[in-house]
Amino acid sequence: MFFTRHPLLSMIIASGVFIFNPTPTQAADDNQAIRQQLLELQQQMQHQQQNYQTQIDALEKRFDEATKPSRATVDRSKNSDPLQVGLSGLFSAGGSSVNNTELENLQAGGHDPDKNGFTVQNVELSIGATVDPYFDGQANFIFLINAEGETVVELEEAFFTTRNLPWGLQIKGGQFFTEFGRQNKQHPHTWAFVDQPIVLSRFFGGDGLRSQGVRASWLIPADWYSEFYFGMQNAKGETVTSFLNAPGEDIGGHTLIDRNARGSGDFLYSARWLNGIDISDTLSMNLGISGLWGPNASGVSTDTQIYGADLYLKWQPIMSQRGYPFIAWHTEVLQRDYEAADPGDPVRETLKDRGLFTQGLWGFKPGWIAGLRWEYANADGDTSSDPLRDTRKRLSPNLTWQPSEYSKLRLQYNRDWTEHLSEKTADTIWLQFEFSLGSHMAHTF
Amino acid sequence: MKKTFKYFLCSALISIISGHAHAMLRVETTTQDLAAIAKAVGGEYIEVHSLTLGTRDPHFAVARPSMIRRVYQADLLLVVGADMEIGWLPPLLQSARNNRVQPGYPGYLDLSLAVELLGKQKGAITRDMGDVHAKGNPHYWLDPRNGVRMAKVIAERLTQLDPDHAVNYQTNFEIFEKIVNTKLVEWRKALHYLKDNPVIAYHTSFVYLANAFGFYIVDEVEPKPGIAPSVSSLSSLIARIKKQHISLLIIEPYYELRPARYLNEQTGIHVAVVPQSVGARPDIRTYVDLFDAIVKVMQPKGKD
């Protein structure tokens, strides 16, 4: 076996044997001994070879095991897809030059700090996971303590999204934030300021525009990121403020009736076109336009339309640590046409409201962000006594410190110029604290 | 009029469908290191693109909508894994609506499963420990031997997705393996002076490098992973550097240099700014370039 495999080696060994055994007389006896030695040598080498082979095999096996991806990858990653559970708490303390009743009108957002003293703004429990190969599911529950000291629980969102529809389509269904602008969908713990923009509180109420329904989105086959959203949702409820809202509520002096959906025209329709362009390695831009169409309850045939445009620019240098430094600029402009009272009604009018906010953030060193926001909102006609329709301006500088990704301290000053207050201005200072536990979800792109 | 509309609709549909039936495999990677290895193996038969830049901290990617489009179009997604991309990849995968590259499908390849991870955590992990990765230290590409293992797995996966070019992928892998193994001898020789010596790192990202070249990371400038050093943590580090005669501190280019400079002033320790990834500097384009550059900056003072 050995000789046949290594003929050259066997020849060398054989010739060596003859060289060291020169006398032919000894040859006969020695021949036997040599043969014996040769056999032993042969066996030894075979044994060694086997040893090496087993060692090589073992090493190869270990290497293969270490590098084999297929089965192990699939099984492990499928098993390691647990329920994502996260809890975030958002608290604030503050003091204002105006009293609590006036402050509640200034801080109209449901999760805004709105009291002299302490506010529990938002405690949010998020649960989500992949349902099966076809759907993802998520639900967000909100706990907060209102001005009366009562604990309020809200089913903020609960929805499924499809995972793998063809042609870049995705369907979302359930209870969810309407796709309108950039800020409306953001949860309070991802806000860059302690409170929500004035114009959003006016058009979408305290809790943002959200309702039950379905939404389809389409990733447009373009060279850049371009997505179109189309949604159909119930128009009734406290969180659909500019539309059917809740009976008995009041908008611009018009008391809302109990109006229900009777046909496909009585739903809230939304459309949004969002584009994302990387201008360079350091600068990216998001540009979106949105529209809302739906009935309102100031009459039996009245409608509301809201339009908006949003721009988000983010700069980050080529070298960055923990995502810092960065500069981000976010601006939104909105307009609402609210048809109030039915044709023939003497108080019939079209309420025209508009507003904008523009905010800049500068992450100047890891964990530190300086922000500045300017806002403006007004409406046609004499609205100077209506806190939700008067001409209002607000300037808000703030400073945020994130000791880690999971905690945050924020100091913000609000300077308000507003017509409905007798003082015409208000100064408020807020200190906010946030923590988050578990997996953090709902990042926006 | 009606005819031209129909024509327009047809051509639009064709362009959508043909967009899917792209000839070359589209490979997206979460880092430039993975892209460089994939390029070495896939050669001209694949299109590779990295979602992040090697100059930036890979734990904190800037979430850009363009990433959604890229992952949507990808045939293969290569990830570092071991929770490196935990902060940004899951929501991206959810938005990308592309099942081919979801975990568990052939188009998703987690390369941390191809290597032996160091620093796996035993026992309870709390956030009090800082940014600790439970599944093990994810900076494993900094061991050239792991680079070969990653290349092998990538070649296998490319073969699975594109069997027509199996021979090319295998040949390219063998060439890559040969080059890295040959260079490894050279790199080891150049870093031989460090063998069995203590070294300090800024973040816990160089254990694999230490393992490959036989030196020891005895401490980090960060008191806990991801937590910036304080005055007291720096002063105890100074005492340690002096006591143990530690001569080298290694730090990634994207970290703030001030604490390292301060340690240098106080103890004379040599600070080497080590490029941690392909693309960390414009001249580092391939996986081999990366180690050439690392070895160069880690030469003792006066030798480079």
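Figure 1. Helices (H or I, at least four residues) and strands (E, at least two) are DSSP runs numbered from the N terminus. This is a predicted model, in which local features need pLDDT of at least 70 and side-chain atom pairs count only at pLDDT 80 or more, while totals for chains, interfaces and linings use all residues. Residues are numbered from 1 along each chain as its sequence is written, and chains are lettered from A and ligands numbered from 1 in the order in which they are written. Helix α4 (residues 89-96) of chain B is mostly covered, with six of its eight residues buried, namely L89(B), P90(B), L92(B), L93(B), S95(B) and A96(B). A residue is buried if 20 or more other C-beta atoms lie within 10 Å of its own, exposed if 12 or fewer, and partly exposed in between, with C-beta atoms placed from the backbone. Just after α4(B), R97(B) takes a positive phi of about 45 degrees.

**Figure 2. Helices α6 and α10 of chain B.** The axes of helix α6 (residues 166-190) and helix α10 (residues 287-297) of chain B come within 10 Å and cross at roughly 5 degrees, the axes being lines fitted to C-alpha atoms, for helices over the stretch in contact, and the angles running from 0 to 180 degrees between N-to-C directions. That makes α6(B) roughly parallel to α10(B), a description that applies to angles under 35 degrees, whereas those over 145 count as roughly antiparallel, 65 to 115 as roughly perpendicular and the rest as oblique. From α6(B), the contact is made by I179(B), V180(B), K183(B), W187(B) and A190(B), and from α10(B) by V288(B), F291(B) and V295(B). By class, this contact of α6(B) with α10(B) has seven nonpolar, no polar and one charged residues; Ala, Val, Leu, Ile, Met, Phe, Trp, Tyr, Cys and Pro count as nonpolar, Asp, Glu, Lys and Arg as charged, and the others, Gly among them, as polar.

**Figure 3. The contact between chain A and chain B.** The contact takes 40 residues from chain A and 42 residues from chain B. On the side of chain A that touches chain B, α3 (27-67), α4 (70-79), β10 (268-278) and β11 (283-295) of chain A each supply at least two residues, and the largest share, six residues, comes from α4(A).

Note on methods. Contact = placed C-beta atoms within 7 Å.
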